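Hi there,

Here is the structure I promised to pass on to you. Have a look at it first, and then read my notes below with the model open beside you.

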Amino acid sequence: MKVAVLGAAGGIGQPLSLLCKASPLIDELSLYDVVNTPGVAADLSHISTPAVVAGYLPKDDGMKHAFTGCDVVIIPAGIPRKPGMTRDDLFKINAGIVRDLVKGVTEYCPKAFVLIISNPVNSTVPIAAEVLKAAGVFDPKKLFGVTTLDVVRAETFVATLSGAKNPSKTTIPVIGGHSGQTIVPLFSQANPKVDIPADKLDGLVYRVQFGGDEVVKAKDGTGSATLSMAYAGFRFAEKIIKAVKGEAGIIEPTYVYLPGIAGGDAIAKETGCEYFSIPVELGPTGAEKAFNVVSNANDQEKKLLEGCYADLKGNIEKGIDFIKNPP
Ligand code: NAD
Ligand code: LMR
């Protein structure tokens, strides 16, 4: 199992690479960034776990060496938000970064599972899909927008009300996209059931939708969520790796191209969105089945979903257009 982290020297990249190095499921860890990867790799390589670590920069064919043979590629490369910015404000710079890195994937590891963390995820995943399509190597079952941080936040924040001792033991579908009102937590489908006082529900939903802003504000100009994102990114990557290695029954929300996944067509029709975060069953070939939790949303959640669709469609089109009609 060879895993690459692209943007490995960054705020997310470093702790994410640490979690990968600590994982017994990974044999080779390839760190790629435009700066500092030799140092990060040297540091991690002293940890006494099986994964063999190497760091690469763009020079000396670094991309080729970093990407070749990768089974899983995780992409947290790109600039983060500062207070007052939306994720869409990152598009101008991050769109090109994701495009170029995914072009590298098409050349050197076209069969890899690709996990996109770089914002705006609502648009960077369609960008990645268009690059993969143009190269004739797009497999929708293997391209994922990582929305796990929204799930992690929903688990954490609901536990402050339910008193659950281990927040991650409550499953909460968080669907839609990854920004503001495109993030829709379906607390009515929590398992086990959670009792949320009526006067607390709106606040809880808002906190999940705008949890990223809390961190951006607290970091006061120095960046956005990095440590919680590294945890969430590793949690999702580990699930992919376990599914690839044959573990059955793994279901996790993730932002995918619906028409390419079993069960996805009906959800695309109902939502009007081709890309959507939805619980999917992971297996050896990737996203094997999408679950239509949209149909079971209650009236209040259906209202939230209307707001989601309105924003998400534009974000998706913007990403597709960036590749089809380059600026
Ligand atoms: P950061 O600035 O600390 O790190 C980004 C890294 O990317 C830097 O080391 C930089 O050198 C590298 N980089 C830039 N261009 C590159 C290229 N062409 N090739 C390889 N590496 C390149 O930022 P961060 O805090 O780690 O955040 C990274 C991205 O993740 C941001 O876009 C942020 O908005 C996003 N993010 C997403 C989620 C999510 O839930 N999906 C959560 C948090 C942050
Ligand atoms: C988050 O949700 O924390 C990330 O998308 C980073 C951000 O810009 O808020």
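Helices α1 and α9 cross in a right-handed way. Before we go further, please keep in mind that this is a predicted model.

Which residues make the contact? On the α1 side they are P15, L16, L19 and C20, and they meet L227, A230, G233 and F234 of α9.

Now turn to the second pair, α4 and α5. Helix α5 covers residues 121-134, and it packs against α4 at an angle of about 35 degrees, with the axes 9 Å apart. This crossing is right-handed. From α4, the contact uses F91, N94, A95, V98, R99, V102, K103 and T106, while α5 brings S123, T124, I127, A128, V131 and L132. These residues divide into eight nonpolar, four polar and two charged.

Next, the ligands. Which helix gives the most to the shell around ligand 1? That is α4 (residues 91-108), with four residues. There are 34 residues around ligand 1, and those that come nearest are G7, G10, G11, I12 and N119. The shell is made up of 19 nonpolar, 12 polar and three charged residues.

Around ligand 2 you will find P80, R81, R87, N119, L149, G212, V215, V216, S224 and A225. For ligand 2, helix α8 (residues 211-219) gives the most to the shell, with three residues. By type, that shell has five nonpolar, three polar and two charged residues.

Finally, a note from the records: an unreviewed UniProt entry annotates residues 147-322 as "domain: Lactate/malate dehydrogenase C-terminal". In the model, this span is 49% helix and 16% strand, and its end C-alpha atoms lie 22 Å apart.

Happy exploring, and do write back with any questions!

Best wishes

Methods
Residues numbered from 1 in each chain as written. Chains lettered and ligands numbered in written order. Predicted model: local features only at pLDDT ≥ 70, side-chain atom pairs only at ≥ 80, totals over all residues. Near = placed C-beta within 6 Å. Helix = DSSP H or I, 4+ residues; strand = E, 2+ residues; numbered from the N terminus. Nonpolar A, V, L, I, M, F, W, Y, C, P; charged D, E, K, R; others polar. UniProt positions renumbered as here; feature names shortened; annotations may be inferred. Axes fitted to C-alpha atoms, helices over the stretch in contact; angles between N-to-C directions. Left-handed = near helix turned anticlockwise from the far one by under 90°. Contact = placed C-beta atoms within 7 Å.
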